[in-house]
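Here is a friendly briefing to read alongside the model. Please keep the viewer open as you go through the points.

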Number of protein chains: 4
Amino acid sequence: MKVKVGINGYGTIGKRAASAIQRMDDMEVVGVTKTKPSYEARLAIKEGFPLYAAAQENVAEFEKEEIKLAGTLTDLIPKCDVIVDATPSGIGAMYKPIYEKAGVKAIFQGGEEHGISGISFNAFANYQEAWGAQFVRVVSCNTTGLVRTLFPIDRVFGIEKAFAALVRRGADPGDKKGSALNAIEPSLKLPTHHGIDVQTIMPWLPIRTMAVVTPTTMMHVHCVTVELRKKATENDILSVWDNVPRIRFVSGKHGIKSSAQIMELARDLGRPRGDFMEIIVWQDGIKVEGNTLYYYQAIHQESDIVPEIVDCVRSMMKIETDPMRSIRKTDKAMGIGK
Amino acid sequence: MKVKVGINGYGTIGKRAASAIQRMDDMEVVGVTKTKPSYEARLAIKEGFPLYAAAQENVAEFEKEEIKLAGTLTDLIPKCDVIVDATPSGIGAMYKPIYEKAGVKAIFQGGEEHGISGISFNAFANYQEAWGAQFVRVVSCNTTGLVRTLFPIDRVFGIEKAFAALVRRGADPGDKKGSALNAIEPSLKLPTHHGIDVQTIMPWLPIRTMAVVTPTTMMHVHCVTVELRKKATENDILSVWDNVPRIRFVSGKHGIKSSAQIMELARDLGRPRGDFMEIIVWQDGIKVEGNTLYYYQAIHQESDIVPEIVDCVRSMMKIETDPMRSIRKTDKAMGIGK
Amino acid sequence: MKVKVGINGYGTIGKRAASAIQRMDDMEVVGVTKTKPSYEARLAIKEGFPLYAAAQENVAEFEKEEIKLAGTLTDLIPKCDVIVDATPSGIGAMYKPIYEKAGVKAIFQGGEEHGISGISFNAFANYQEAWGAQFVRVVSCNTTGLVRTLFPIDRVFGIEKAFAALVRRGADPGDKKGSALNAIEPSLKLPTHHGIDVQTIMPWLPIRTMAVVTPTTMMHVHCVTVELRKKATENDILSVWDNVPRIRFVSGKHGIKSSAQIMELARDLGRPRGDFMEIIVWQDGIKVEGNTLYYYQAIHQESDIVPEIVDCVRSMMKIETDPMRSIRKTDKAMGIGK
Amino acid sequence: MKVKVGINGYGTIGKRAASAIQRMDDMEVVGVTKTKPSYEARLAIKEGFPLYAAAQENVAEFEKEEIKLAGTLTDLIPKCDVIVDATPSGIGAMYKPIYEKAGVKAIFQGGEEHGISGISFNAFANYQEAWGAQFVRVVSCNTTGLVRTLFPIDRVFGIEKAFAALVRRGADPGDKKGSALNAIEPSLKLPTHHGIDVQTIMPWLPIRTMAVVTPTTMMHVHCVTVELRKKATENDILSVWDNVPRIRFVSGKHGIKSSAQIMELARDLGRPRGDFMEIIVWQDGIKVEGNTLYYYQAIHQESDIVPEIVDCVRSMMKIETDPMRSIRKTDKAMGIGK
């Protein structure tokens with residue numbers, strides 16, 4: 001029998017999580033919620049997902065637009081084994097008591113604090129920590145990106161110290177709210193929360209981060225420097241990454257020079273929604289000098305956490321013991337691969 | 001037997017034309033050309049398209065990168081019934097004598113002059129003009145957009161006069177060259193060529209255009225005003241457009257307010273490459289006052305001409321006499337629909 | 001004795017109005033207000049303008065930052081002959097009763113409705129209408145731009161009909177809020193308010209407008225078409241504009257092709273704050289065909305209304321009867337000129 | 001008698017250098033060159049600078065536009081004590097033999113290699129090195145920025161190791177050529193040349209850099225991390241910078257959060273051309289943890305090197321022995337100050 005998943009918040013992450021879950025053979029979407037009769041609400045229906053109003057007070061607006069509802073969140077919860085809470089940052093914390101009272105498992109997003117669940121998740125790094133848990137937080141897109149590349153490097157070579165300057169995109173493509181149109185804006189509170197958030201998964205890692213936001217909608221780009229404990233060449237590093245999941249190489253020499261060209265590649269490869277769920281590393285943009293490793297990576301903020309959510313469901317529902325088996329299953333169904 | 005199509009220039013349009021042709025049951029791609037061993041050359045191979053160097057002088061560079069070629073353009077041409085020339089603006093004219101000498105049919109892009117073929121093409125407006133022709137030009141993305149909405153309006157209500165202000169995107173998403181980063185730049189030569197180009201298909205239409213380029217990668221948007229000969233309401237206009245192919249409505253009220261949100265919808269609908277081959281009209285952004293009609297339309301510059309190319313092949317190769325049958329066949333295979 | 005002016009709202013317009021008034025010999029700034037101890041509050045003090053809190057409730061925050069206040073708006077009003085209300089759109093209407101009760105004259109911005117004063121102002125077009133009035137609205141940057149170029153054309157050649165497509169900047173340079181980062185967004189409610197607002201000054205003018213917003217911070221650009229009553233050549237038109245104030249020509253041939261390059265010119269000319277208070281017309285971007293005139297104009301949204309505010313003070317305070325004398329005086333003091 | 005300076009290349013840097021030199025009482029501009037009769041050529045004349053064609057072959061074009069020339073570069077050189085070569089990157093190297101043959105001193109820009117002169121210049125760090133020299137290179141905007149903040153830190157606390165991630169603007173405001181419109185593009189060749197270029201002035205400094213380019217026209221922003229030899233608090237660091245020239249603090253708490261808001265401040269302060277010749281440090285964006293210092297700085301790429309050019313002239317012409325006296329003199333004339 002398939003695990004029954006409800007999606008609370010059918011937006012940027014919610015709609016992708018729903019699509020991903022629907023592609024798996026061991027789980028299914030039993031309903032999604034929306035606060036407004038937007039085009040995404042219509043999309044949910046078109047996709048065949050039962051649509052629920054997030055709250056009773058939203059129902060009238062849907063009715064006015066003649067959009068058929070299957071009920072409200074209260075009706076959806078009892079149908080679910082696990083809720084993927086894809087509500088905006090900070091809202092998840094407001095829903096937690098509701099899930100708690102209903103006794104339903106829930107996955108929160110990186111916009112929530114680690115304390116919401118006490119467990120922060122990355123499939124390759126700590127799949128087992130979510131085993132059977134009631135509440136788990138899948139870390140944010142940036143944290144996921146840092147963990148994906150740093151965790152294997154740490155395991156193989158040891159990391160003495162890591163630093164990343166995060167050059168963030170200003171808004172998602174379809175978003176109106178976002179950064180200033182023509183400015184670079186630093187995150188003045190130092191160190192920024194990104195490095196600290198990596199430590200929710202790798203508490204032993206001495207990592208610090210700075211961050212600026214820039215007026216683009218296409219991917220975050222990280223400038224990462226790592227002091228290694230063991231000697232390594234560029235090829236050693238590439239070889240380690242080549243053997244772990246959800247990291248993909250591109251090459252400036254082949255014409256993939258910018259974040260926009262990476263996203264163009266995703267479209268050309270026929271990826272769903274033109275998403276790139278892997279972390280993208282420029283293979284001709286890495287360098288080792290002495291014991292210091294420098295590299296650039298690009299993070300598709302709309303989608304990189306989506307396969308992590310799928311794996312998180314499996315761990316929480318105890319339907320797959322082996323992390324790599326879960327990861328491979330997810331990736332195969334999503335068309336993710338080298 | 002399928003019509004054999006060669007693609008000269010596997011770039012933004014060429015790769016889309018190749019994908020589209022491959023989806024049809026009455027034509028096939030027998031080869032594509034590339035001047036450099038870029039990532040798009042690799043993509044062609046991955047997609048299973050035989051790869052040819054555009055010229056003998058390019059061969060060495062491919063060999064250096066160990067990319068296997070099926071030959072050069074000279075080898076490709078004899079294998080083709082028709083060449084889709086998707087080379088950059090102005091280059092098509094340089095290739096014409098080669099096609100002419102080889103006796104192969106060719107479709108040029110809107111970047112070439114009307115005079116290159118004497119026939120400018122839009123499937124709904126003048127499918128028959130390309131019938132059996134050796135050379136045809138499929139008009140540009142903007143011209144295609146204007147013809148798609150103006151032609152049916154003219155047929156039903158008559159157009160006394162039309163004007164459009166074209167707000168152009170500055171570059172395609174993956175392009176480096178493009179407009180200034182933070183500026184609006186008008187096309188000072190008036191009237192701009194866009195209206196004049198519409199007249200290559202609708203020579204009777206009194207249309208004038210102005211144009212500015214803006215720093216975005218997402219769609220052109222047209223502000224169109226039309227003086228109608230017959231009285232019409234907004235609903236009359238919408239009803240006409242609803243009954244012709246390749247026009248799609250969106251609604252600001254449902255949250256589709258900007259060109260970026262339209263492209264987001266294309267991704268959500270699972271369109272190949274996130275493309276929108278229809279012309280997009282805001283149904284809540286049209287107005288009739290007296291005999292004047294005002295409307296906005298958005299044009300996906302990367303893809304709207306692609307289905308026109310497919311139909312153009314059918315007309316030139318005389319494999320389908322009925323324009324609407326060709327259009328429907330193309331649209332069905334491409335997932336284009338209301 | 002100089003006219004005493006208070007500035008309610010020392011932001012984008014307020015700080016420019018203050019600087020402009022301070023350059024005149026017949027008026028002076030007696031105080032400016034601010035709601036927060038921002039850098040602009042500090043700037044006011046640096047500039048020597050007495051600083052007032054907008055309201056009593058704001059005082060504590062200033063004190064916390066040790067910024068010395070001269071009082072609150074209530075203290076400022078009795079010191080003023082006229083208030084320039086440069087508060088955000090819609091807030092002016094909330095202040096009107098306060099000005100009314102205090103019996104102080106006030107100038108509102110174009111963000112308010114015409115009805116706030118019943119008089120909408122442009123110095124060249126209707127200086128006399130503001131004569132001695134208690135409340136006047138100086139129209140918005142876009143309306144000012146349209147009136148500046150259309151009013152003289154109408155007077156000399158007669159306008160049968162005018163249409164403008166407004167390509168708007170998305171935000172001011174220093175603003176965080178603004179348009180989407182990478183999108184074009186049309187104003188769906190048609191006709192847009194801009195043309196209707198022109199009619200508050202030229203009620204006889206048949207004008208319609210459409211508008212889109214684009215992701216740039218540099219100037220609005222208008223695509224204007226005018227049906228003329230009398231025959232005119234391009235040179236006739238340029239000659240009319242050359243003889244009226246606050247229109248300046250640039251030339252694409254000399255390298256001024258975009259809105260950003262216009263602003264660069266303002267910086268090079270040493271204009272205060274790099275502002276361009278004139279409406280900028282591309283002299284090689286105008287065209288007459290039959291009785292239709294086409295032209296492009298660029299509007300510096302941050303500053304074009306500033307000299308209008310100065311002239312408006314003179315008319316309201318009855319200190320200069322001749323509009324052209326006021327305009328010339330203002331322009332000379334501001335360094336505006338051909 | 002004033003030092004006679006010629007400006008070869010009256011563009012972004014050249015026009016600023018000319019304006020700056022003209023403000024000094026110990027030097028003057030005797031002529032500027034231009035290759036084309038652009039608006040900047042007209043500006044030079046308006047500013048009263050004798051205009052020379054860069055080469056004989058350019059003369060005809062100026063004559064066609066009826067722009068009066070004082071001659072060509074060959075005529076200008078003998079009139080000069082020193083040439084400021086402000087030609088585009090790499091062109092300076094082509095002019096060097098001409099200056100050499102004519103025996104004229106020349107200042108090159110950071111776009112040239114260090115080897116062009118063997119002396120790379122920053123007024124505070126190594127004023128004496130240029131003393132009496134024939135050829136000197138004033139380092140680039142980014143290098144100038146890094147030297148301005150790192151040199152005093154190194155002198156007072158000692159730097160064990162420095163790293164900077166440079167988040168570069170994509171183009172200058174008026175430029176058409178530049179970065180992609182909506183992308184982040186890393187400099188793949190590591191380490192990037194910026195750190196290496198700092199070592200032309202501080203050869204002992206272990207510094208490495210990475211860099212990305214982003215779609216904005218407003219300032220570069222650096223994320224800098226420094227391992228200090230001596231313990232220091234944030235206040236210690238600020239205090240050091242407060243006591244050296246050409247560093248200015250801003251505060252996010254006062255509303256200066258982004259590069260665009262910094263440039264807005266420059267306009268508000270009445271700086272010529274709205275330029276900020278100081279390096280801008282966010283005083284609430286610095287942090288010391290253990291022996292590591294983190295800070296952000298913003299660099300106005302169009303102007304920060306301009307006062308360095310002025311000081312460089314003094315050192316090369318031996319008209320001022322004391323670096324701080326030269327710096328103070330320059331800064332006072334330019335309105336640079338705390």
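**Strand β8 of chain B**

B:Phe121 has B:Val138 as its bridge partner in β8(B). This is a predicted model, in which local features need pLDDT of at least 70, side-chain atom pairs count only at pLDDT 80 or more, and totals for chains, interfaces and linings use all residues. Residues are numbered from 1 along each chain as its sequence is written, while chains are lettered from A and ligands numbered from 1 in the order in which they are written.

- Strand β7 (residues 120–121) of chain B pairs with β8(B) in the parallel sense over 2 bridges; strands are DSSP E runs of at least two residues and helices H or I runs of at least four, numbered from the N terminus, and pairing takes at least two DSSP bridges.
- Strand β6 (residues 105–108) of chain B also runs parallel to β8(B), joined by 3 bridges, and B:Ile107 has B:Val136 as its bridge partner there.
- From β8(B) (residues 135–138), B:Phe135 and B:Arg137 point one way, B:Val136 and B:Val138 the other, and all are buried (20 or more other C-beta atoms within 10 Å of a residue's own; exposed is 12 or fewer, partly exposed in between; C-beta atoms are placed from the backbone).

**Helix α10 of chain A**

- Helix α10 (residues 259–268) of chain A has 10 of its 10 residues buried, so it is largely enclosed by the rest of the structure.
- Just after α10(A), A:Gly270 takes a positive phi of about 75°.

**Chains A and D**

- A rotation of 180° with 0.0 Å of shift along its axis superposes chain A on chain D, with RMSD 0.0 Å (least squares on C-alpha atoms of residues with pLDDT of at least 70 in both).
- The two copies are thus related as by a two-fold rotation axis.
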